[in-house]
Amino acid sequence: MKATGIVRRIDDLGRVVIPKEIRRTMRIREGDPLEIYTDREGEVIFKKYSPIGELASFAAQYAETLYKTCDMAVVITDRDAVIACAGVPKKDYLDKNISAALEGIIESRSLFTHRTEEAKVHATAEGSGFYVSSAMPIITEGDLIGCVCALLPVDGQDTVIMSEDLEVKLVQTAAHFLGRQLES
């Protein structure tokens, strides 16, 4: 664990304020769920909770199925990082922070489709050889929990052109299905 040198007192209702610097660094937003752990040495540990993280292996299987059956590169994210991918190099995507542009797409709560005249949106903050062709936020019980993105290579080589309507329907179906899995 890393010491921050910041000390906070617990108020009379048992609350403690997480400093703004730490919330910004750890990308903790108002309303984000946190898991609380304790250990034998008396430490209390707060960890960001990712509801879709519980479905990581299921999401990975879904992404792999989309890639194998439709030849569509896919990433599935929570609100901070990529949790599953297929058709792209896993080392470049898995567990990488999502880009600010993709965060904006998730916050919009609506379908995104890339337009030729627009700048290309990368799924991760580092960027890569792929850009987001279409994306649909995953919403469960009114809460934003992540996103399903179809990707295309930036250079356009070896691209299998799929009907945009079909790609959009597949991305929407995946997002709605994953959202429903979390509700049950």
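**Figure 1. Glutamate 164 is partly exposed, at 43% relative accessibility.** This is a predicted model. The partner of glutamate 164 is arginine 115, and the two form a salt bridge. Their closest N and O atoms are 3.4 Å apart. Arginine 115 lies in the loop between strand 5 (112-113) and strand 6 (130-140). Glutamate 164 belongs to helix 5 (residues 164-183). The pair therefore ties together parts that are 49 residues apart in sequence. Arginine 115 also counts as partly exposed, with a relative accessibility of 36%.

**Figure 2. Glutamate 183 and arginine 180 meet in a salt bridge through their side chains.** The N to O distance is 3.4 Å. Both residues sit in helix 5, three residues apart. That spacing means about one helical turn separates glutamate 183 from arginine 180. How exposed is arginine 180? Arginine 180 counts as exposed, because its relative accessibility is 57% and the cut-off for exposed is over 50%. Glutamate 183 is partly exposed, with a relative accessible area of 34%.

**Figure 3. Aspartate 11 forms a salt bridge with arginine 15.** Here the closest N and O atoms are 2.8 Å apart. Aspartate 11 is partly exposed, at 28% relative accessibility. Side chains of opposite charge can pair when their charged atoms come close. The count for the model comes to six salt bridges, including the one between aspartate 11 and arginine 15.

**Figure 4. Strand 5 is joined to strand 6 by two bridges.** The two strands run antiparallel. Threonine 113 stands opposite serine 134, which is in strand 6.

**Figure 5. Histidine 114 has its place in the loop between strand 5 and strand 6.** Is histidine 114 buried or exposed? Histidine 114 is buried: its relative accessible area is 14%, and buried means under 20%. What does histidine 114 touch, leaving aside residues up to four places away in sequence? The contacts of histidine 114 beyond that range are Ala119, Lys120, Tyr131, Val132 and Ser133.

**Figure 6. Proline 33 is found in the loop between helix 1 (20-25) and strand 1 (34-38).** Proline 33 is partly exposed, with a relative accessible area of 38%. Not counting residues up to four places away in sequence, proline 33 touches Lys47, Lys48 and Tyr49. Proline 33 and glutamate 103 are 70 residues apart in sequence. In space, the distance between them is 17 Å, C-alpha to C-alpha.

Definitions and conventions. Residues are numbered from 1 along each chain as its sequence is written. This is a predicted model: local features need pLDDT of at least 70, side-chain atom pairs count only at pLDDT 80 or more; totals for chains, interfaces and linings use all residues. Side-chain values use heavy atoms; hydrogens and water are left out. Helices (H or I, at least four residues) and strands (E, at least two) are DSSP runs, numbered from the N terminus. Buried means under 20% relative accessible area, exposed over 50%, partly exposed in between (1.4 Å probe, protein chains only). Contact means heavy atoms within 4.5 Å. A salt bridge is a side-chain nitrogen of Lys or Arg within 4 Å of a carboxyl oxygen of Asp or Glu. Two strands pair if DSSP finds at least two bridges between them.
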